[in-house]
Structure formats: C-alpha cells, structure tokens
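Colleague: I have not looked at this one before. Can you put it up and take me through it?
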Amino acid sequence: MMAEEFKKIAAIIGAGKRFLIASHLNPDGDAIGSSLALALALEKMGKDVVVYNRDALPFQFAKMASAERIVRSLEGEPPFDAAFVLDCAELERVGSGFSEMVTTDTWVNIDHHLTNKTFADYSVIDSSACSTGYLVYQLLKLLDVEIDADIAENIYTTILFDTGSFHYSNATSEAFSAAGDMVALGVSPWAVANKVFENQPQGRIQLLSHVLNTLKVERGGEIASVLVTQEMMKETGTGPDATDGFVNYPRSIEGVEVAFLIRETGKDEYKISYRSKGNINVAKAAQTFAGGGHRNAAGCVINGDIALVSSKAVDALKAVMERV
Ligand SMILES: [Mn+2]
C-alpha cells in the first residue's frame, strides 16, 4: 500500500514543474534535512522548488547543505503543482494559517508520527520509519534520481537527529543501514557532527552552567529537574532555543526515571518539558495541565509562582508513577 502511494507521488512529481516543500514550526534535524534532501533531488530533476519553514533555523542547522535557501514567507508565490508537507502529523503543525497561504490542488504528506491524521490527498505515513528523511530516501530511490553528497548529508542528518545520535529504540538495523548508504555516498560523519554539534554559541554553555546549578533530585533519586529563568537567558544573551536538550542532563543521572525542565515563559507562566527513560508515560502527566506529547517526551504550561509550579509538576509525575 505504501509502495502504491509512493508510485502515485512519483507520478505527481514527474508530471509537475513547480513544488512547495514545508515542514513543522520549531524545525528539528528531520524537518529541515528531509525538506532539503527532497528539494535538492527535485531540482536535479529540473523542477522548481520553494522550501518553507515558519521559524528561523536553530543554530545547529545553519551550516547544513543548502540550508540558506529556506524561506519564511510565501507572499506573492504563484500556484504550486503540489505542496509537500514533511514530518507533520497535521497541517496545523506547519503554522496556523499556512494552508490559506498556499495555492495548490495537490497536498502530499510524508511522515512517521503515530498520531498522523491523514489530512493530505496523498500520504505516506510509516511510524516504523526512523525519520521522515528515511522515507524521502525511499521515494528518491523510486524516482531514480542521483543522490549526491549534499542530498546524502541531509538524509543522514535526519536519521542522526531523530534517533538521538543512534541512542533511541528507533535506531533499527534499517536506520543504520540507510545511514551507512549515506556514508557510502560521500557523507563524513565527523563533518556532519562538526556542523551540527560542535557549533554551539558560547552563551548556551554559560546558560547551561546556571541551569545545572538549579538541579533538584526527588522521590529517592527517581525524579530530577532543572529550571531556566528569563533572568538567566538575559544574562547570557540567549533565547529559548538555547535550552534545547538541557533536560537530557537531569535525565542522564543514574537512577533517574523521569526528568523535567521548567522554563519561565512569562509572568507566573512556566513551560514544562518532561522526559522519561523507560515505562513511565509522561504524556499523562502533561495532560493534567492540558499539554501533550509522547510516552517518553511531553510538555505543558503551568501558571503560578515557581514554588507552586514546581510542586504541581512533580505531583503530576508522582501520580503517574504510582499507577505503574
Ligand atoms: Mn521526525
């Protein structure tokens, strides 16, 4: 069934000339890498391509092959023969009002989220795929387009990010084998790591030193948390995107089952990012405060002063942990 849908999508590409490729707001390595890989491949086939993302590129991705071509506005764009929406379980994830900005008769969705709502005219949704970029790779094989080193670098990056540098359970043999294909096509893992990981703004590390000072460990060592205040960000000249990945530090402590990061977003308003290592479903804790997410990664917003917010965040977790 998926192969059939891929064939239909290949036919749409063959018949069309002008394409839009969009992915989700707050883009990650998969959103950006899958968009750029598909764009570069379609251009090799002589197509005109616009790559759109609502948000600015996080620092990690600024040096990825062809990253500078991503546009943040679609104003004045003529109609597209098809619009590709990548790594999104629903159209809203691209940003509100996105679909009204686009003129096309054909929507294509390629994605690997379990919660996908199948909103497009043509969809390839495979929750067993390690990344959306992996699915784009399968499409490119069908299109018979040459995968050059730049395309390969972008596909490799999607797998690298979505498997947490091959740490997570989606780092399957297919994931390694596809990443191996990309290395065979000219990708240097060190060059990619150098571009995306050895590229941190100094302020981010200074911010991290403040944040680690706030470490709190509770429930006999099973819950760990850290706090980011607006003051800390101001002092280090950083923004909220600098805190990406900080929650992994408390999570990495021996014996910790669940970690969370509290980030001050406004007056008496805090965003909570929950992460769990194993069986504890943190989406349930986030749902207590009308948030959501996945079993091992979820988020929500809690209002109140920091003492209240932090005790509410912990209590919701404890309630979930007691039910396991
Ligand atoms: Mn993804």
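Colleague: Which residue in S3 is the bridge partner of Ile 21?
Modeller: Phe 84 is the bridge partner of Ile 21. This is a predicted model, where local features need pLDDT of at least 70 and side-chain atom pairs count only at pLDDT 80 or more, while totals for chains, interfaces and linings use all residues. Residues are numbered from 1 along each chain as its sequence is written.
Colleague: How many bridges join S1 to S3?
Modeller: Five, between S1 (residues 18-23) and S3 (residues 82-86), which run parallel. Strands here are DSSP E runs of at least two residues, helices are H or I runs of at least four, and both are numbered from the N terminus. Two strands pair if DSSP finds at least two bridges between them.
Colleague: What is the order of the strands in the open sheet?
Modeller: S2-S1-S3-S4-S5, five strands with parallel pairing. S2 (48-52) and S5 (122-125) each have a single partner strand, so one side of each lacks a neighbour in the sheet.
Colleague: New topic. Which residues does Ile 155 contact, leaving aside neighbours within four places in sequence?
Modeller: Gly 33, Ala 37, Gly 133, Val 136, Tyr 137 and Met 182. Contact means C-beta atoms, placed from the backbone, within 7 Å.
Colleague: And how is the chain divided into domains?
Modeller: Domain 1 is 2-196 and domain 2 is 203-323; the bounds come from an automatic or database domain assignment. Their centres, taken over C-alpha atoms, are 30 Å apart.

Technical notes
Contact = placed C-beta atoms within 7 Å.
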